[in-house]
Amino acid sequence: MRVISIGEGSLLTALYEGMFDQPLWQGFLSALMAQTGGTHASLLFRPASNEEVVELSVGTDLSGQIRSLVARSQDAQQFSGQEMREGRVYALNELLERIDTAQDTLSAETIAAAKIKDVRSTRIAEPSGVSAWLTIASSRSFNAADAALLANLVPHVRIALRSFIALEREKFHSSVASTAFGRLNFGWLTLDSQCHILDATANMEQLFQRTGILRRGRYNRLMPASPAVDREISALVKQIAQGTHPQPKAINLSRDPWMDMLVTPAQKPAIAGHTMPIAIAYVSGDRQSQADRCDQLVDLFGILPSEARLAWQLAQGTSIAQAAKTIGLTEETARNYSKKIYAKTGARGQPELVRIIMTSVLAIA
C-alpha cells in the first residue's frame, strides 16, 4: 500500500467515513475534486452479479460519458480484448481509444461539449468480486501529482468498499432475522446494570406502544407494569452484573395476552457505544387477548363462544381439568364441549387440536 502524505489525511478520513454519508461518499468525492482542481469526480461500482452500475458523483454531470469510458471496460472482449488494469491510472486519450464508436455515443464530442479537457480514471477490484472505477475530470490538464494521488487511493478505496459491502451484508442478515423474529412474535432488548434499554428490535418499540405490559421509563429504563416483575428483573440484572447469576431465567410478564421474557447474560462484551450491555432480554408474546383469539376461533371453525374459550385453553397445552377450572366449567361439561370441538375442527384429540389451531392463520393474526 502506497504511503499517503499528511496533506491527504483529510481525504482518507472522508473516504472511510463516506459509507455513512447520504448520498454515499459525497464528502470524499467533493474533497477529491477540490484537491485535484477538477470539475467532476465519481465513484462507480458494479456488484459481482453484474447488476447495473451504481454511480456516485459530484460536479459536472458526466453520467453517461463516464460510464461509457470506464464501466464497460470490464466486459469481455469489449475493447480489443483488454480491460483496465487495476491500480493503473488511465488518461482521457487512453480511455477514448477503447471506445467502440459504432455502439457508443461519440464520447470525445460529448465530453468536449461539457468543457472537459482531461480525465483520469483507475479501476479497483474488491475481493468479493465488486469492480469500481474512481474518476476525476477537469477543464484543465491534470498533472503527475493528480495521477499519483489517484493511484495512492486505490488500496484505500478497496478497503472502504470491502467495509461497505460487509456492512450492507450484515444489514441484510439483520433485516432477515428481525423479520423472522417479528413473525414469531419474538423481540429482544439489551440492558445495562440499571435496567436502562441500550438497544432493541423494532417490534419491541411496537410492543411498548401496543400494550402496557412493558414501557420505556425515564432515562430509557425498562418499566414492567407489574411492580413485582420490575423488582424481579432488576434483582436479576444486578446479580448478572455482579457475576452471581450466570444462568438465563424465564419470567412471565402477562397471562392475557400471554407474554414472557428470558433474561440472559450478554455473552460478549460490546466494543461499540458508550455503555456495555449486561443482559439481553428476549420477549415473546401473543399480540391479542384471549377474548380476541376466541372470537377468531368462532369465525374460523364455526364453534360456539363457550367452546372457543375451552378450545383456546386446550391449544395452550392445558389439561381439560385445569382448563375447565380456569374458565369456570365443570369437568364433565368441559369434556362434552371438547368432543364438539374435536368434531368441528377435525381433530382426533388434544395434541392434534394444538397443531390445527397453532398452525392455522391464527399463528400470524
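Which residue takes a positive phi in the hairpin of E6 and E7? The views below get to that, starting with some ground rules. This is a predicted model, with local features needing pLDDT of at least 70 and side-chain atom pairs counting only at pLDDT 80 or more, while totals for chains, interfaces and linings use all residues. Residues are numbered from 1 along each chain as its sequence is written, and side-chain values use heavy atoms, leaving out hydrogens and water.

**View A. The hairpin of E6 and E7.** Cysteine 195 is the residue with the positive phi, near 65°, and the hairpin has five residues between its strands. Strands here are DSSP E runs of at least two residues, and helices are H or I runs of at least four, numbered from the N terminus. E6 pairs with E7 (residues 197–200) in the antiparallel sense over three bridges; pairing takes at least two DSSP bridges. Leucine 191 has isoleucine 197 as its bridge partner in E7.

**View B. E6 beside E12.** Strand E6 (residues 186–191) also runs antiparallel to strand E12 (residues 279–285), joined by six bridges. Look for glycine 187, whose bridge partner in E12 is valine 283.

**View C. The largest nonpolar core.** This core has 34 residues, and Trp25, Phe28, Leu32, Leu134 and Leu153 have the most contacts inside it. A nonpolar core is a set of buried Ala, Val, Leu, Ile, Met, Phe, Trp, Tyr and Cys residues joined through side-chain atoms within 4.5 Å, with buried meaning under 20% relative accessible area (1.4 Å probe, protein chains only).

**View D. Around phenylalanine 28.** Leaving aside residues up to four places away in sequence, phenylalanine 28 touches Leu11, Ala14, Leu15, Leu134 and Leu153; contact is heavy atoms within 4.5 Å.

Key: Buried < 20%, exposed > 50% of the residue type's maximum accessible area, 1.4 Å probe, protein only.
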